[in-house]
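Subject: Structure for you to look at

Hello,

Here is the structure I promised to pass on. Please open it alongside this message; my notes follow.

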Amino acid sequence: GEDYMANVALIETKTSRNDYEGRFENAFEFDRFALCSTYKKKVLKADVDIEINIDDYDWVILIGSEALKYYTKLNSITEYSGRLVDDKFLPAINPAMLAFKPEARPLWEESKDNIIKYISGELKVEKLGEDKCFGIDDSNKAIQFLQDAIKHENKFVAIDTETTGLYPRDGYVLGISISYQKDHGAYIVSDIIDEEIESLFQELFDKKTVVFHNAKFDLAMLEYHFNFKFPNFEDTMLLHYCLEEQPGTHGLKQLAMKYTPYGDYEKELETWIAGYRKTHKVLKANFNWESIPYEVIKTYAAMDAVVTLLLFSKVYPAVKNKEHLWGVYKDILIPACRFLTDVQDIGVPFDKNRLSKSTVLMQEDIDNAVAKLYEFDSVKKFEEVKLKEFNPNSTVQLRELLFDFVGLKPTGIKTGTGAHSTNAEVLNLLAEKHEIPKHILAIRKKSKIKNTYLDKILPQLDTDDRLRTGFNIHSTTSGRLSSSGKMNMQQIPRDNPIVKGCIRAKEGNKIVAMDLTTAEVYVAAVLSNDKNLQGVFKEGGDFHGSIAKLVFNLKCKGEEVSEFFPTQRQAAKAVTFGIMYGAGAHKISEQVTKDSGEPFSKHDAQVVIDGYFKQFNKLKLWIDRSSKFIEENGFIYSYFGRKRRLPNVKSDNRGIRGHEVRSGLNFLVQSVASDINLLGAIDAHNMLKEVPFKADIFALVHDSILAEVEEDAIDAYKVLIRECVQKDRGLSIPGCPVGCDFDVGEDYSFGKFAKKYDI
């Protein structure tokens, strides 16, 4: 009745002065509790002394991640904030954090509104009945369902797959989920898919626009295992990425909780999997979806397609109505998704024999470095006093060795528990004072290369000696590609050629790498319309030398600068690269001192910066104008229409505000340079399908495009890729396209591997 009052409890981690009545607009009454009654910086399970009977309450509001974890075993407070968990719990981020994290305000506002609506009964989690959401393991039913889908007037059909692996060659498709009308979906098991059903699927894909969530995954699986073709597809994950570029916010489950009435519909399935793993002692990484019985998985699998279609109806119009975002989605993200599906399928070529040898070589390298470590007097002394062998992997022993036996002064950097840290940053600082930390760093680096790359690549190679890993277009705020999966191609060690040397073209081919040269500065020169800076590009020759000549008014030729005025060239280079990232005099002075080995004071640096901006004043005006726009609006668009949201310009903290503006400026050039590269690669990949020679683009790493090319076709390939990358997309210096550098070699180290290892 009208007088029914819900019983509500609010639980925070520790008692605080937060005014929750005000925060929740006095919409309901509640009893207030804390997990821990005494103040602790970090509340551990052992500190919890709350006295409450949860069953006395209809609703329990959980503030912050500790309370969420204690009652629901869930970890991500941002994912569940404002969502209903287990029909009773309403988690929310701690509103106290808004003071220093203004970007969390929209999440708090949405969470607060949802919690008020759940408690008042206005919001409810819905569940679809068996008549709306079901499994199909009978071919006649599958035929009927597909025919209905083909006939239905809806132009869009959502498709999702359940698979036994993350890559087409490592597993197969267990079943395909379909939703062609609102709140209605089915999961068809693969076992019953025969030729007739296959042709009905293809008819459906030809007639409708197929909607995926993370199309790159499902496309690869369905094309490889069934040879399906998809003339038109959309991707809800990429649509959402246009609306919110923060990494980690694009999961289907997260978006289902945010945009649909079905809440955390997979919770029961996750509980089933956790139970299965416990009973059968299976690690999370080793769990196979094949283990889930059809009766258990069918509803959840069908729900994935239902949710995808519903999500599409919300995010598609939101992107389509914004011209900039629609352009990015249609002209960059969808073509890139298609392109990267192909690139991943081509795979990275490895030399198996060289990999095996390299693993042995690297181990020898590590063993030698460790042996040298034991020759230091301090290490011998440590072992005499401690009566045990020194273990370089033990932080406790390393701390004692460096600070007690070598006598180095601690840097002041501490671990979470308050002890002196021995992390990479600390070792780098200490390495300037003593050989041992330098040595430890080298051992750690080499071990990392062996463990992260060499040991892991070999067992993951496919039968054609290629490694198929992932490239992502939705994992960075700038739109640069990231790489993940079997190997992160973006993080291959640069200063040791051993991994690059194992990426080797097959017989009769070469590896060709095309790199954009000073692309970000080129973009800045065009966007700012700074004729002086554009002039440096037109002139050609030594870029940094020419800039130094202008800034310092040097009386020599541009190409002579590096010989006669190396420090000035270094200073000009540091300012050129630092300016886009908002580097001030302090940073520039440090950089030049480090690079040139000559002391370069803060005053010297300021003089260069002033001279630089005098010379390139249009660039300065553009930087100031863009910074002002970011400060006033909290967002900015790139030349290609990507939106970068920068809510922290509203922070009370000056440092945070400054960092946010610099991120925005950096985005303006970095994002455009990477899009030029990506669009060039997509065009080239499409043209390569039509040419008489064989060349395969197999990776994009930072600003370079890697391909495996037939030896006779290298010149033709270079012409083609240069034409695609330098194509005028409305962003060129007239008569002077962006620069392309080429490296060609047997392997990706371009001779450095052979030089160092002689094999």
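Helix α2, residues 64-72, lies across β1, β2, β3 and β4. Its direction runs at about 135° to β3, which spans 59-63. Helix α4 (residues 105-120) also packs on the sheet, where it touches β1, β3 and β4. The direction of α4 makes about 165° with that of β4. Keep in mind throughout that this is a predicted model.

Now the sheet itself. Its four strands run in the order β2-β1-β3-β4, the pairing is parallel, and the sheet is open. The edges are β2 (31-36) and β4 (89-92), each of which pairs on one side only. On average, neighbouring strands are turned by 25° against each other, direction ignored. β1, residues 8-14, pairs with β2 in the parallel sense over five bridges. In general, strands of a sheet pair through backbone hydrogen bonds, parallel or antiparallel.

Next, helix α10, residues 267-280. The helix has 14 residues and reaches 20 Å from its first C-alpha to its last. That is close to the 20 Å expected at 1.5 Å a residue. Its buried residues are Lys267, Leu269 and Ile273. They sit on the same side of α10, because they cover an arc of only 160° around the axis. What do they pack against? The partner is α11, residues 294-320. Turned away from that buried side is a face with the exposed residues Thr271, Lys278 and Thr279. Lysine 281 follows α10 and has a positive phi, near 50°.

Two single residues are also worth a look.

- Valine 189 is in strand β8, residues 184-189. Its relative accessible area is 10%, under the 20% cut-off, so valine 189 counts as buried. Beyond its neighbours within four places in sequence, valine 189 contacts Ile136, Asp137, Leu174, Gly175 and Tyr294. Asparagine 677 is 488 residues away along the chain, and the two C-alpha atoms are separated by 41 Å.
- Glutamine 202 is in helix α6, residues 195-207. Buried or exposed? Glutamine 202 counts as buried, because its relative accessibility is 17% and the cut-off is under 20%. Leaving aside neighbours within four places in sequence, glutamine 202 is in contact with Asn227, Phe228 and Lys229.

Best wishes

Notes: Residues are numbered from 1 along each chain as its sequence is written. This is a predicted model: local features need pLDDT of at least 70, side-chain atom pairs count only at pLDDT 80 or more; totals for chains, interfaces and linings use all residues. Side-chain values use heavy atoms; hydrogens and water are left out. Two strands pair if DSSP finds at least two bridges between them. Helices (H or I, at least four residues) and strands (E, at least two) are DSSP runs, numbered from the N terminus. Axes are lines fitted to C-alpha atoms, for helices over the stretch in contact, and angles run from 0 to 180 degrees between N-to-C directions. Contact means heavy atoms within 4.5 Å. Buried means under 20% relative accessible area, exposed over 50%, partly exposed in between (1.4 Å probe, protein chains only). The expected span of a helix is 1.5 Å times one less than its number of residues. The arc is that of the directions from the helix axis to the C-beta atoms.
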